[in-house]
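Q: Can you go through this model with me? I have a few quick things to ask.
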Amino acid sequence: MSEHKKLTLCVFIDALGWELIRRHAFLDDIMKVKAPLGTIFGYSSTCDPTILTGVLPREHGHFTFFAYRPEKSPFGWYKYFGLLPKSIMERGRVRSKFSRIMKRVHGFTGYFQLYNMPFRYLNLFDYMERHNIFEPGGINGGQATIFDYLRKNRIPYCRPEGYNEAESVAEVEAAITEGSIRFSYLFLGRLDGLLHEFGTQAPVIGEHLAWYDKQIRNLYNVACQKYDSVRLMVFSDHGMSDIHSVSDVKGRIDALGLTFGEDYAAVYDSTMARFWFLKPGSRERIESVLAEIPDGRLMPSDELADYGCDFPGNTYGETFFLMNPGVLLCPSHMGIKPLAGMHGYAPQHPDSVASFMTNEPLEPMPNRLENLYVLMRGETPENPD
Ligand SMILES: [Zn+2]
């Protein structure tokens with residue numbers, strides 16, 4: 001008698017929030033279960049390691065890309081580029097090219113982008129995703145990922161590495177047709193880019209969801225022909241908020257006249273500002289300015305602890321200032337142009353919530369991103385019969 005062939009087909013769709021799933025038809029006849037899935041405070045750079053390891057940010061050590069750690073900065077001599085004309089060095093294309101070269105020079109295998117981080121301050125900051133999180137040893141905290149588990153147990157899987165969605169779908173389809181894999185993890189990232197550019201209400205969002213529906217439906221049907229049972233799971237890391245206004249937090253801090261790198265250091269992300277205080281008195285002056293900004297709020301330390309973002313040694317900042325949903329911190333170290341959509345606000349806000357769906361009922365259901373690791377492991381037992 002031939003063995004029972006089972007396939008677990010995971011599809012990760014970046015920024016497919018619960019609010020989008022509520023508004024659009026999406027694999028309605030296949031997915032028996034659709035549910036909101038709690039997100040993690042931060043961006044994909046902290047959500048994805050949480051999904052892959054099942055632990056919270058304070059343990060896996062990934063949060064955002066830049067952290068004030070001059071003693072560990074790999075960018076010592078880049079400050080000299082800060083002497084070149086701003087008109088050249090702030091161009092997006094120039095910075096993207098620099099990012100590619102720097103990634104090679106430093107041997108980074110993870111995602112690397114300079115964004116809008118000024119060259120003159122780079123020597124103060126460490127880059128926190130130096131390694132590819134999907135490869136062995138890629139997690140800062142040393143945890144094993146679901147892929148380490150699959151490799152260790154010699155469970156055959158398919159995980160396309162490219163960013164071209166049609167090519168990734170084709171790669172998974174070929175692996176399913178061949179019939180020897182037991183697990184697949186398809187990463188689809190285009191929706192996130194479309195939502196940033198056009199917002200959640202644009203027609204292109206519905207069109208792209210319809211394209212996803214068609215592709216995933218086809219993969220599922222092919223899998224059902226090749227395998228005795230198929231577990232299809234589609235999930236995301238976070239949702240998306242439409243931007244209604246921008247707030248120049250950086251301008252207000254700059255106006256204090258404190259010296260960056262001597263009195264304080266800061267990273268201005270798109271939805272939060274994080275501060276390190278280097279001289280007595282800086283904290284009081286900066287926090288009093290922040291407290292007057294109506295578009296956001298200072299985050300209490302117990303709230304950060306609830307989110308699993310109480311990092312040892314305050315790696316990612318001593319004070320966090322979080323924007324209200326829909327307010328973009330701009331200009332920031334992430335960009336100078338306003339966007340139509342952004343994520344990285346309070347995780348409990350409805351627009352932040354991620355989504356989870358599957359073709360067969362499941363017990364227990366995942367509540368938050370860190371539950372997906374155990375779920376994926378449970379789907380691929382070490383000793384199948
Ligand atoms: Zn995004």
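Q: Which strands form the open sheet, and in what order?
A: In this predicted model, 4 strands form an open sheet in the order 10-11-13-12, with antiparallel pairing. Strands (E, at least two residues) and helices (H or I, at least four) are DSSP runs numbered from the N terminus, and two strands pair if DSSP finds at least two bridges between them.

Q: How are residues numbered, and what pLDDT do local features need?
A: Numbering starts from 1 along each chain as its sequence is written. The model is predicted, so local features need pLDDT of at least 70 and side-chain atom pairs count only at pLDDT 80 or more, while totals for chains, interfaces and linings use all residues.

Q: Back to that sheet: which strands stand at the edges?
A: Strand 10 (264–268) and strand 12 (296–298). Each has a single partner strand, so one side of each is left without a neighbour in the sheet.

Q: How many bridges join strand 10 to strand 11?
A: 5 bridges, and the two strands run antiparallel. V267 stands opposite R274 in strand 11.

Q: New topic. Is strand 1 largely enclosed or left open?
A: Strand 1 is largely enclosed by the rest of the structure, because 6 of its 8 residues are buried. Buried is 20 or more other C-beta atoms within 10 Å of the residue's own, exposed is 12 or fewer, and partly exposed is in between, with C-beta atoms placed from the backbone.

Q: What stands opposite T8 in strands 6 and 7?
A: R231 in strand 7 and F183 in strand 6. Strand 1 runs parallel to strand 7, joined by 7 bridges, and pairs in the parallel sense with strand 6 (residues 183–188) over 6 bridges.

Q: And helix 13, which of its residues are buried?
A: In helix 13 (residues 371–379) they are L372, Y373, L375 and M376. They fall within an arc of 165° seen down the helix axis, so they line one face of the helix; the arc is that of the directions from the axis to the C-beta atoms.

Q: What covers them?
A: The cover includes strand 1 (6–13), helix 2 (44–53), helix 6 (146–152) and strand 7 (229–235). Contact means C-beta atoms, placed from the backbone, within 7 Å.

Q: Last one: which residues of helix 8 meet helix 9?
A: R190, L191, L194, L195 and F198 in helix 8 meet V204, I205 and H208 in helix 9. By class, that contact has 6 nonpolar, 1 polar and 1 charged residues. Nonpolar covers Ala, Val, Leu, Ile, Met, Phe, Trp, Tyr, Cys and Pro, charged covers Asp, Glu, Lys and Arg, and the others, Gly among them, are polar.

Note on methods. Contact = placed C-beta atoms within 7 Å.
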